[in-house]
Structures are given as structure tokens and as C-alpha cells.
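Please look at the structure shown here before reading on, and keep it in view while you follow the report.

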Amino acid sequence: MIDFQSGYILRPVNPAFIYFSLFCALLLNLLPIGNYGWVPDWLILCMVFWNIHQHRYVGVVWAFAFGLIMDVHNSDLLGLHAFSYSLVSYIAISWHRRITALTVLTQAFHLLPIFLLVSLFPVLVHWVLSGQLYWWALTGALQAVIEVMLWPLATRILLAPQRRPIDVDHNRPI
Amino acid sequence: MLIDFRYQALNPIRNNVNWLLRPLEYIMMAPRNFFEASSDYFTTRGTLDQENRQMKARQAELSLLANQSEYLQVENDNLRQLMDLQKQVSFKTLPVEILFNPPNPISQRVVINRGSSDGLKLGNPIANGDGILGQVVRIYDHSAEVSLLEDRDFAVPVQVARNGLRAAVFGAGRGNPLELRYLPVASDLEVGDILLTSGIDGVYPPGFAVAVITRIERNADKNSSNVFCVPVAPVNRYRQALALLYDPQWNAKASAPTAPGTTPSSAPGRRQTRTRGMQ
């Protein structure tokens, strides 16, 4: 796969690394930080990243499964995150060709609607079900902005194994 | 989502996912617990000394009160028997630890480390030394979710300690003061009144402190008053609490047999509007 940032061809991805990174993101989500709206959702960041870069390994089914886990953790209605994660990963997969061709910063801006959707989805569903819109719960938008700001970092970390040089000459570094 | 909302039919799935997830949650709690434990470890001798002295004074005070209250309890029981009133239900308590506060923009809940295998039941109140914290709303084998007083539309029937006026306290969402609803303008309330559980719903044992009135806005036009109060117990501060294993009293008279066709009620703590779809 071509890295549009540098123009080089990336090394093939290691599936074990994909699943390991998703697991780590899940663990980060389970950290007992407290009930704050702005805490970034590491899992969706990682999930969207792999949806865009390696959609053959991480698809909607994985998004659904992880969403189910987050529902149980957050004591939400069962299916709330499962639905929003799968919806978002579907959008990400259908946009992946366009987004990979952009620079990292532009990618981040293109992903803002995706992250906004997943952050505000619980509030919107609750609005539909009970007819009450919690304005203060819309601070979840901040979470989406933080996730967008984390996107370049996520790209750097998650693509690092693939950016390693193919043959290293130990005798003549550089 | 609709299936879960209306029928709670997906609880087995939830239980299984929870069973897998809980160990991971415990692992991720380790850094915080380690941090707290180490900061506890490095408290100075002076602080401990002072704390110890305070505890001793408090202990003496409480044991005096306990002696008195035992006497009063016996007297009360005798009087109740004389007057042919229903006996007060006694209940046990179970120490619980609050594990974490799940990130959820809609509700305000905590997860505790005791579940149905410890004898906890759906609807049991959770309190600490100061007063009521909340109520168990979802239960697993070894953990449970507790809805806090601040949770939106979480209602507790209360009684003003000063004059016995009955009302209901409602949560108004995170960070907002609790509200006392459905009260006429002329009702006898003052700022600083303490609200105790009245026990008429059968879910909460009577006489536990819930909230203190902080602000009253009387609205003569609409013959209503907005009364705001704050919880007595620090809802989001401590990790230790007590579960009151109080058997919900569904019938006004415990001895009266229920009619065979009628089930007492659905799960406690659920509002009737939500169970509409089930019948």
C-alpha cells in the first residue's frame, strides 16, 4: 500500500498488530477516569483508522462487537454503541479511498463528522426515545474535536510498524 | 435498542459480555488503585494521629447514641405493639465498594463490587454514613449498577424532618440540584430543612437523610413552588458505601395475601411508563 504522505510503499500490515492495537484501545477506554464527556473514545479512533487503512481486516462486524462491549461497560441500552460504531465504520470504509489520498491534517478535518456522529449518537437516540434533549450532554462534541486532534498522532503510531525500512544495513547506517 | 428498552430481553447477552469484560475492567483499575494506595501509604504520622483522635471522639459519641437508641427501639416496639401498628422491618447492611463511574452522557451511575451472589437485590438502596446515595438498577452475579440521586428523573419519596410533610425528590441530571416537585405554594418549607426517606414506597427504609433544601422559589401565579436541594451524602466523593438489604414491601400490609392473578409489580426502580409495552 502506498503511503501518500511520503510517497513510499508501506510494508505489509501484521494482522496481529491490528488486533493488538484494538485491544489496547479497548483497555484505554476501560480506564476509570470518570463520567466526563470530553474523554476521547480511543476505541473508535483506532477502529476508524483501521477501517480506512485496512478495511479487509477490520470491518463492520468488528465494530459491532466492540460496540456491544462498550454498551455493557457504559451501562447504555444494548445496541446503542453497537449501532453507532457499525454505522460509522461503514461510512469510514466507504470513504477510505478518498481519505487515504489526503494529507493527515485534511484527513482529520474530513473525519470530524464521523467522530461527531459517534459522540452525539447516544444523546440523539435518547432524544428520540424519551423526547428530552439534554443540551449539556452535547459537550460530547468536544470529545469529537479531541479525537480529531489525536488523529495525526494515531496515524504516526499505528503506521509506524509499516514505515520501517525494508532492509537495514547495520554496517552503514544512513 | 428498542428490544432492550422495552422488554429487557437481551439480558443474557449483557451478562455474558459483562462476565468477559469485568476482569479487564479490574485490570485497568489497577493503576488508579495503586496510585491511591501509595498516596495513602505516605500520609504523615501527624495526620493519622489527628484522624485517630477524631475517630475516638466520634466513636464515644456514637456508642452513647447507640445505647440510647437501643432503649428507644425497645420502647418503640412496645408502643407499636400496644397500638397494634405494623412492625418496623429490620434489614441487614452489606459493605460495598464503588468501582467506577461509567462514562455515559445520559445517566449518572456507578458500578459496585457486590452482586446477586452476595444477596443484593434489584432495588436495594445504597447509602453511606450521611445518607442515601442511590439505588441498584441493574444486577449481575458479582457486580451491580447503581443509579445515583442526581440521575435524571430518579425519584425518592421523602418527608420533611421538621414537620412530616411528604413529597418526592427528583434528580435533575448531573451537576444540577435535586428538585422537590408537586408542592403547593403554601407548603411549610424552609431553607435548611432536612428531607428524610418516608418509606411509603416500600423501597427505601424510613428515616434516612436524603437531601437538604437550599433554595425555594415560590410562584404564586401558578400555585407552585420550585424547591431545590442538595444531597446530604457526598454522591461522588467516597469509594465505600453500604447496601441496605431491605426487602421491598410491596403491600401496605405484609400479612395480606396477594390475589392469585396479580403480580405485585415489575422490577423495582423502573417507572411504570417504561413497562407499558410489556402488558
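## A residue and its neighbours

In this predicted model, B:V210 touches B:G131, B:I132, B:V156, B:V158, B:V169, B:L195, B:L196, B:T197, B:P231 and B:V232, when residues up to four places away in sequence are left out of the count.

## Nonpolar cores

B:V210 also belongs to the largest nonpolar core, which has 43 residues, and it is listed with B:I132, B:L133 and B:V169 among those with the most contacts inside that core. Strand β4 of chain B, which covers residues 132-139, supplies the largest share of this core, namely 5 residues. Apart from it lies another core, of 34 residues, and this one includes A:W42, A:L43, A:M47 and A:W151. In soluble globular proteins, nonpolar side chains tend to be buried together.

## Two packed helices in chain A

Two packed helices are described by the angle between their axes and the distance between the axes. Helix α5 (residues 104-130) of chain A packs against helix α6 (residues 140-159) of chain A at an angle of about 145°, and their axes are 8 Å apart. The crossing of α5(A) past α6(A) is right-handed. Among the residues that make this contact are A:L112 and A:F115 of α5(A), together with A:V148 and A:W151 of α6(A). By class, the contact of α5(A) with α6(A) has 14 nonpolar, 5 polar and 1 charged residues.

## Where the chains meet

The contact between the chains takes 30 residues from chain A and 26 residues from chain B. On the side of chain B that touches chain A, the elements giving two or more residues are α1 (2-7) and α2 (11-41) of chain B, and α2(B) gives the most, with 10 residues. Sorted by class, this side of chain B has 14 nonpolar, 5 polar and 7 charged residues.

Definitions and conventions
Residues numbered from 1 in each chain as written. Chains lettered and ligands numbered in written order. Predicted model: local features only at pLDDT ≥ 70, side-chain atom pairs only at ≥ 80, totals over all residues. Contact = placed C-beta atoms within 7 Å. Helix = DSSP H or I, 4+ residues; strand = E, 2+ residues; numbered from the N terminus. Nonpolar A, V, L, I, M, F, W, Y, C, P; charged D, E, K, R; others polar. Core = buried A, V, L, I, M, F, W, Y, C linked by C-beta atoms within 7 Å. Buried ≥ 20, exposed ≤ 12 C-beta atoms within 10 Å, placed from the backbone. Axes fitted to C-alpha atoms, helices over the stretch in contact; angles between N-to-C directions. Left-handed = near helix turned anticlockwise from the far one by under 90°.
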